[in-house]
Amino acid sequence: RKQRSARLYASITVIVLLVALYGYALAALSLRSPGPRPGDALDSGLLFVLLVPALNEERVISRTLSSLLRLRGNFLVLVIDDASEDGTVAAVRPFLENPRVRLLRQPPEEARRGKGHVLNAGVGAIRRMRISEYFGAENIIVTVFDADARVEPGFLDAVAPCFADPRVAGVQSAVRMYNADANLLTFWQNLEFAIWGRVMCRAKNLLGSATLGGNGQCVRLSALEGLGEEPWQAASLTEDLDLSLRLLASGGGLLRFCPSATVWQEAVPELGRLVRQRSRWMQGHLVCWQHLPRLLRGALPLRARLDLAVFLLLPATVLPVGLASLLSWQQLLSGVGGWSLSGLALTYAIGFVVAPLAVAYLARVEDRGTLRSLLHGHLFVFYSAVWFLASVAAWWNILLGRRGWAKTARFAAGEEEPGCPAACRSQDKEVL
């Protein structure tokens, strides 16, 4: 039995180290990824149609619309109310005096079917406007903003140059949290998105395996129309990832990540709600395994297909990685007084896989100072408990056949002026 346990622990350790190797390989590759050249959205010839799905968003929708209306460039804002029961519609009405803002209200019998269904309704409204007759579907960029989004006026200026390449079907912006300093959970969420976006996604631009990630995603209308009348899967728990994989598998165009465009959103400040949100994301990710055969047989470069396969399979490692971390800490604490250098090194490698990346980001991008960066970078390991619990919940839901879609409630954190917070008005430095 001891031998079997030892073999199992060794196998899990190998998985942990392989996952770590994958992450640091992407981090190293990201250093070679050039950002898009600055451009001018005013002269791009593009029309951005900003879709804002809204379900009981009274607390945040006004500040979001105020932020979007300060954007430079050629754009329309389409708010899609999904049968809200609060004052969402009343909060939107004053903005309808601006000719750039439209409101689409879903009838009750068509509402509450998930975010994908709402976005499809938005694309249907764009078709009814017949604006593609004037701009061309390839020059209309459908951009999705959640109802808690805040952006800088130059967001479209940053995104537009990416679409100068006619092969590019979609672009994902960076995502950050405007309430990052509310508590440790919100701080860790901001750090999670910063590391993923600024490090990992830059590498995926080179590999050709970038995907769309919800808030701040921009897609050509022509690419969406290539997927049929309803490009987003209404029943999907992760409609953004599902859309990305179908675009890539069908040869609908390239996807890119734009690190110079940032959308700021509200982090979830409560553990229970955060675990439920992440379990939905995890479950949707697991369901997207259905796209693997088509992706692997597709025409994408081999490096892109391999990276997408690894990315899709990563959720399967969350449970073993979490268990390995717990076992390594248990062994370390039970062996007090008999520690060896190799044992300590292995415990650190398993228990603090992402700590060096977190420390580098905090020290070089956010100027948190060496000691604070070291402290917060290593405390970040405890955030992995969120994904561990979310993984357990996701697998449990799959086993029980549960696939319900539940929206994450907003908390309307902060009372600063509309737009993104002071933190996002400073220029980010390059990571590492």
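Let's start in a loop: Arg 130 sits between α4 (115-129) and α5 (132-135). This is a predicted model, and in it Arg 130 has a positive phi of about 60°, although it is not a glycine. Why point that out? Most residues other than glycine have a negative phi. Asn 56 is another case, with a positive phi near 55° in a residue other than glycine. You'll find Asn 56 in the loop between β1 (47-54) and α2 (61-68).

Now step back and look at the whole protein. It has 17 helices and eight strands. Of its 432 residues, 54% are buried. The protein exposes about 19500 Å², and carbon and sulfur atoms supply 59% of that area. How does the chain meet itself? Take the contacts between residues at least 6 apart in sequence: 84% of them join residues at least 24 apart.

Let's go inside. In soluble globular proteins, nonpolar side chains tend to be buried together. Here the largest nonpolar core has 65 residues, and those with the most contacts inside it are Leu 51, Leu 191, Trp 232 and Leu 295. Which helix gives the most to this core? That's α7 (residues 184-207), with ten residues. There is also a second, separate core of 42 residues, which includes Phe 75, Met 177, Tyr 178 and Cys 258.

Pick out Leu 295 and see what surrounds it. Leaving aside neighbours within four places in sequence, Leu 295 is in contact with Leu 245, Leu 248, Ala 249, Leu 300, Arg 305, Leu 308 and Leu 312. Leu 245, Leu 248 and Ala 249 are among the buried residues of α9, so that helix is our next stop.

Helix α9 covers residues 239-249, and eleven of its eleven residues are buried. The buried residues include leucines such as Leu 241 and Leu 243, but also Glu 239, Asp 240, Asp 242 and Arg 246. After α9 comes Gly 251, whose phi is positive, near 75°.

What does α9 pack against? Two packed helices are described by the angle between their axes and the distance between the axes. The axes of α9 and α12 (residues 302-313) come within 13 Å and cross at roughly 155°. An angle over 145 degrees counts as roughly antiparallel, which is why α9 is described as roughly antiparallel to α12. Their crossing is left-handed. On the α9 side, the contact is made by Leu 241, Leu 245 and Leu 248; on the α12 side, by Leu 308, Phe 311 and Leu 312.

Glu 239 and Gly 284 are 45 residues apart along the chain, and their C-alpha atoms are separated by 8.1 Å. Gly 284 belongs to helix α10 (residues 271-287). Gly 284 counts as buried because its relative accessible area is 3%, and the cut-off for buried is under 20%. Not counting residues up to four places away in sequence, Gly 284 touches Leu 237 and Thr 238.

Follow α10 and you meet α17 (residues 384-400): the two axes come within 7 Å and cross at roughly 55°. These helices are therefore oblique to each other, and α10 passes α17 in a right-handed crossing. Residues of α10 that take part include Leu 271, Trp 281 and Met 282, while those of α17 include Trp 387, Ala 390 and Trp 395.

Helix α10 also packs with α7, at an angle of about 25° and with the axes 11 Å apart. These two helices are therefore roughly parallel, and their crossing is left-handed. Here Leu 185, Gln 189, Glu 192 and Phe 193 in α7 meet Leu 271, Leu 274, Arg 278 and Trp 281 in α10.

One last stop is His 376, in helix α16 (residues 370-379). Is this histidine buried or exposed? His 376 is buried, because its relative accessible area is 15%. Apart from residues up to four places away in sequence, His 376 touches Leu 184, Phe 187, Trp 188 and Leu 362.

Conventions: Residues are numbered from 1 along each chain as its sequence is written. This is a predicted model: local features need pLDDT of at least 70, side-chain atom pairs count only at pLDDT 80 or more; totals for chains, interfaces and linings use all residues. Side-chain values use heavy atoms; hydrogens and water are left out. Helices (H or I, at least four residues) and strands (E, at least two) are DSSP runs, numbered from the N terminus. Buried means under 20% relative accessible area, exposed over 50%, partly exposed in between (1.4 Å probe, protein chains only). Contact means heavy atoms within 4.5 Å. Accessible areas come from the Shrake-Rupley method with a 1.4 Å probe; for residues, only the protein chains shown count as cover. A nonpolar core is a set of buried Ala, Val, Leu, Ile, Met, Phe, Trp, Tyr and Cys residues joined through side-chain atoms within 4.5 Å. Axes are lines fitted to C-alpha atoms, for helices over the stretch in contact, and angles run from 0 to 180 degrees between N-to-C directions. Angles under 35 degrees count as roughly parallel, over 145 as roughly antiparallel, 65 to 115 as roughly perpendicular and the rest as oblique. A crossing is left-handed if the near helix is turned anticlockwise from the far one by less than a right angle, and right-handed if clockwise.
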